[in-house]
Amino acid sequence: MPPYTIAYFPSRGRCEVMRMLLADQGQSWKEEVVTLEAWGQGTLKVSCIFGQLPKFQDGDLTLYQSNAILRHLGLSFGLYGKDQREAALVDMVNDGVEDLIRHLGQQLLCNYEEGKAQYLKELPGHLKPFETLLAQNNGGQSFIVGDQSSFADYRLLDLLLNHEVLIPCLKDFRLLSAYMARLSSRPKLKAFLASPEHVNCPISALLKI
Amino acid sequence: MSGKPILHYFDGRGRMEPIRWLLAAAGVEFEEKFMKTREDLQKLRNDGDLMFQQVPMVEIDGMKLVQTGAILSYIASKYNLYGKDMKERALIDMYTEGIADLNEIVLIYPFLPSEKKEASLSNIKDKARNRYFPAFEKVLKSHGQDYLVGNKLSKADVYLVVILYHVEELDSGIMANFPLLKALRTRVSNLPTVKKFLEPGGKRKPFEDEKCVKIVKNIFQLN
């Protein structure tokens, strides 16, 4: 009986990162799918601390806020850098990706086609810091921070994978392309990414993509 | 290596205010370098000091940290304001994320064009009164302790108190409905390190006035 449960909408959204992390760490977890109709009914929403999903259970610990959940898993599996300084860098990278996701979400929600075009124009500038980080870390042969994997790697990978689907953009980013290919081929992660539960899961229930 | 942290931002609350409060609560003296013009921001960018070309940026322990949350977490870790174990830390992080979500709409308010202010104020009041303040009042009620987590001051308490003050400036009657939050705010404000920060001459920043808004819009080329 796995200690982990994810309650979320039927989409990748804010949960695919934690799924990739758990899969790659050889963990199993339970999924509680919450349809938009069920959510609209209200009982579950009222029980969530800020009225939002995901809801995550680790044994008797119930957590909300995807970034708090991710950090908890990071600590649980030694995926938070080797010391406080690396931890700060891991946090910076994760939050940098978060900013980008919010920005993309806002652009696409306002006006999908126009938003997408505008976002595509700005994207090289947004991806550059991550390419630079790779370049400064063992010539991009390693992870985004240091020489061990961190939750920031899963976060960045999720971003890159989604972009490949929505807005292919990595041809000018040699190191990010190689990084994405290398991480995606880690055996357990590769199996998860090929599985129906990932492949058949839409990126966003809201945007229907 | 052990100099005072240096905060790079404009002379206003914005995204830096929770960081100022947390350093103050930890009893850490800091310096501030205020950006006044667009050129000041460009210089930081050109010097490669800003990982995502954005501020806040804090020079601390030989690092140039960006991203508000990352900075708060580093300070919390360093000065023991992050709970005693993983479980407490997870709760502190969860509460901090919620507070930060509310702060997103609060901190931007002074910089909105006047025609957007009314709707935004409505949204702030609604979210504060119906989502966030009740959530934290409930947490305090559930254990009856002095602080949100583990009966000890953490970054979540400090950040929450910042928001309690800032929202009250926009919704003057709000605290009447949340007695435990009010008590937490008083308790934290009376801690000697925080009290000093809040006194006249302390580094707490006032609500952004027209002059400040003008400078900021110029620096970031906003509407």
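## The second largest cavity

In this predicted model, the second largest cavity is lined by residues of chain A, namely Asp24(A), Phe143(A), Ser149(A), Asp153(A), Tyr154(A), Leu183(A), Arg186(A) and Leu189(A). The space inside the second largest cavity comes to about 30 Å³, and its lining divides by class into four nonpolar residues, one polar residue and three charged residues.

## The largest cavity

The count of cavities of 30 Å³ or more is two, and the largest cavity holds about 110 Å³ of space. Of the 14 residues that line the largest cavity, Arg13(B), Val106(B), Leu107(B), His166(B) and Glu208(B) are the closest to its centre.

Three helices of chain B, helix H1 (17-25), helix H4 (86-108) and helix H6 (155-170), each supply at least two residues of the lining of the largest cavity, and H6(B) has the largest share, with four residues. By class, the lining of the largest cavity has seven nonpolar, three polar and four charged residues.

## The second largest pocket

The second largest pocket, with about 460 Å³ of space, has a lining of 18 residues that draws on both chains, and those nearest its centre are Thr132(A) and Gln136(A) together with Gly48(B), Leu50(B) and Met51(B). At least two lining residues of the second largest pocket come from each of H5 and H6 of chain A and strand E4 (63-66) of chain B.

The largest share of the lining of the second largest pocket is that of H6(A), which gives six residues. Sorted by class, the lining of the second largest pocket has eight nonpolar, five polar and five charged residues.

The size of an interface is often given as the accessible area lost when the parts come together. Here chain A and chain B bury about 2,700 Å² between them, with 63% of that area on carbon and sulfur atoms. Three residues, Phe50(A), Arg85(A) and Met92(A), supply 25% of the area that chain A buries against chain B, which is more than any other three residues supply. In terms of residues in contact, chain A contributes 32 and chain B contributes 34.

Between chain A and chain B there are four residue pairs in polar contact, counted where both residues have pLDDT 80 or more. On the side of chain A that touches chain B, strand E4 (61-64), helix H4 (66-76), helix H5 (84-110) and helix H6 (112-136) of chain A each supply at least two residues, and H5(A) gives the most, with eleven residues. By class, this side of chain A has 15 nonpolar, nine polar and eight charged residues.

## Salt bridges

Over all chains, the structure holds 29 salt bridges, while the count between chain A and chain B is three. In a salt bridge that joins the two chains, the side chains of Lys87(B) and Asp60(A) meet with an N to O distance of 3.8 Å.

Within chain A, Arg19(A) forms a salt bridge with Glu16(A), and the closest N and O atoms of this pair are 2.8 Å apart. Arg19(A) and Glu16(A) are separated by about one helical turn, because the two are three residues apart in helix H1 (residues 16-24) of chain A.

Notes: Residues numbered from 1 in each chain as written. Chains lettered and ligands numbered in written order. Predicted model: local features only at pLDDT ≥ 70, side-chain atom pairs only at ≥ 80, totals over all residues. Heavy atoms only, no water. Contact = heavy atoms within 4.5 Å. Buried area = accessible area lost by both parts, 1.4 Å probe. Salt bridge = Lys/Arg side-chain N within 4 Å of Asp/Glu carboxyl O. Polar contact = N/O pair within 3.5 Å; in protein donor to acceptor, adjacent residues only side chain to side chain. Nonpolar A, V, L, I, M, F, W, Y, C, P; charged D, E, K, R; others polar. 1 Å grid on protein atoms, 1.4 Å probe; cavity = no way out; pocket = protein on both sides within 12 Å on 5 of 7 lines; lining within 4 Å. Points joined across faces, edges and corners; volume = space filled by probe spheres on them.
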